[in-house]
Amino acid sequence: ASGSPIQGVTVSVEYPSTNASGQTVWNEVQATRATTAADGTYTANVPPTPDTRTYVVGFLAPGFRTQYFDAKSSREAATQVSATFAAPRAGVDAVLTPATQVAGKVRAADGSVLSGVKVTAVVLDPAATGARRDRWVTLKNGGNDVTTTTELDGTFRLDVPKDTPFRLSYAAAGRETRYYPSAVEPDEGQN
């Protein structure tokens, strides 16, 4: 990787599984997540497994866009790696780009948390005409949609390009799409 080293980047090492509801769940394998040293290096301790499991390595730091190896914006698109105590893997690096990080928790009207909700940053498309909803488009960052899905505890984290005005949409099967804080139309939402 090139660029200036960043100290304190959290490094996740995860693998996917499916829960009883059929949702993908990401399982961290480190007892304590690795963090980068002042020179940008890190060591992730991956326990041995009885199978040939592969992992997704993520790099998370406040003020920077979350990245997954190898320069991917999502876990699903990441290049998977295999590594154990017995067979270490070097060269799993990242070059992080500045971003604004938005984090939150999605709840139902009764206060219960909602998992599996698609949270998307949308922006006004000044070239679009027509109905209000049609004027709002998904924000892109490096060609990728700025979107994520809430975790089992309802939390989400989204990286938005720095200095970009946007609104958040929340969409889930069987529920009406909402815009932050609880608007039905994007024009009624807030940045």
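**Notes on side-chain contacts and cores**

1. A salt bridge to start with: the side chains of Lys-140 and Asp-145 meet with N and O 2.3 Å apart. Please keep in mind throughout that this is a predicted model. Lys-140 is partly exposed, at 48% relative accessibility, and Asp-145 is partly exposed as well, with a relative accessible area of 39%.

2. Another of them joins Arg-178 to Glu-176, where the closest N and O atoms are 3.4 Å apart. Arg-178 counts as partly exposed, with 34% relative accessibility.

3. Do look at Glu-14, which has its place in strand S1. Glu-14 makes a salt bridge with Arg-75, and their closest N and O atoms are 2.9 Å apart. Arg-75 lies in the loop between strand S5 (67-68) and strand S6 (99-105), while Glu-14 is in strand S1 (residues 10-18), so the bridge ties together parts that are 61 residues apart in sequence. Both Glu-14 and Arg-75 are buried. For Glu-14 the relative accessibility is 3%, and buried means under 20%, which is why the residue counts as buried.

4. What else surrounds Glu-14? Beyond its neighbours within four places in sequence, Glu-14 is in contact with several residues, including Trp-26, Asn-27, Thr-54, Tyr-55 and Val-56. A polar contact of 3.4 Å joins its side chain to that of Arg-33. A network of salt bridges links Glu-14, Glu-28, Arg-33, Arg-75 and Glu-151.

5. Close by in topic, a charge and a ring: the charged end of Arg-53 sits over the ring of Tyr-15, 3.7 Å from the ring centre.

6. Now the nonpolar cores. The largest has 16 residues, and Val-119, Ala-121, Phe-166 and Leu-168 have the most contacts inside it. At least two residues of this core come from each of strand S7 (118-124), strand S12 (155-161) and strand S13 (167-171). Apart from this core lies another, of 14 residues, with Ala-34, Val-46, Val-57 and Val-92 among them. Leu-168 touches residues that include Val-102, Val-119, Ala-121, Phe-156 and Leu-158, leaving out those up to four places away in sequence.

7. On aromatic pairs, the count comes to three. In one of them, the ring centres of Tyr-42 and Phe-59 are 5.9 Å apart and the planes stand at 75°, so the pair is edge-to-face. Tyr-42 is in the loop between strand S3 (34-35) and strand S4 (56-60), and Phe-59 is in strand S4, so parts 17 residues apart in sequence are tied together. Tyr-42 is partly exposed at 22% relative accessibility, whereas Phe-59 is buried at 3%. Phe-156 and Tyr-170 also pair edge-to-face, with centres 6.2 Å apart and planes at 70°. This pair links strand S12, which holds Phe-156, to strand S13, which holds Tyr-170, 14 residues apart. Phe-156 and Tyr-170 are both buried.

8. Which residues does Gln-23 touch, not counting those up to four places away in sequence? They are Ser-17, Thr-18, Ser-115, Gly-116 and Leu-152. Gln-23 sits in the loop between S1 and strand S2 (24-28) and is partly exposed, with a relative accessible area of 24%. The C-alpha atoms of Gln-23 and Gly-116 are 7.4 Å apart in space, although the two residues are 93 residues apart in sequence.

Notes: Residues are numbered from 1 along each chain as its sequence is written. This is a predicted model: local features need pLDDT of at least 70, side-chain atom pairs count only at pLDDT 80 or more; totals for chains, interfaces and linings use all residues. Side-chain values use heavy atoms; hydrogens and water are left out. A salt bridge is a side-chain nitrogen of Lys or Arg within 4 Å of a carboxyl oxygen of Asp or Glu. Helices (H or I, at least four residues) and strands (E, at least two) are DSSP runs, numbered from the N terminus. Buried means under 20% relative accessible area, exposed over 50%, partly exposed in between (1.4 Å probe, protein chains only). A polar contact is a pair of N or O atoms within 3.5 Å; within protein, one must be able to donate a hydrogen and the other to accept it, and residues adjacent in sequence count only if both atoms are side-chain atoms. Contact means heavy atoms within 4.5 Å. A nonpolar core is a set of buried Ala, Val, Leu, Ile, Met, Phe, Trp, Tyr and Cys residues joined through side-chain atoms within 4.5 Å. Rings of Phe, Tyr and Trp (its six-membered ring) pair if their centres lie within 6.5 Å; planes under 30 degrees apart count as stacked, over 60 as edge-to-face and the rest as tilted. A charge sits over a ring if NZ of Lys or CZ of Arg is within 6 Å of the ring centre and within 35 degrees of the ring normal.
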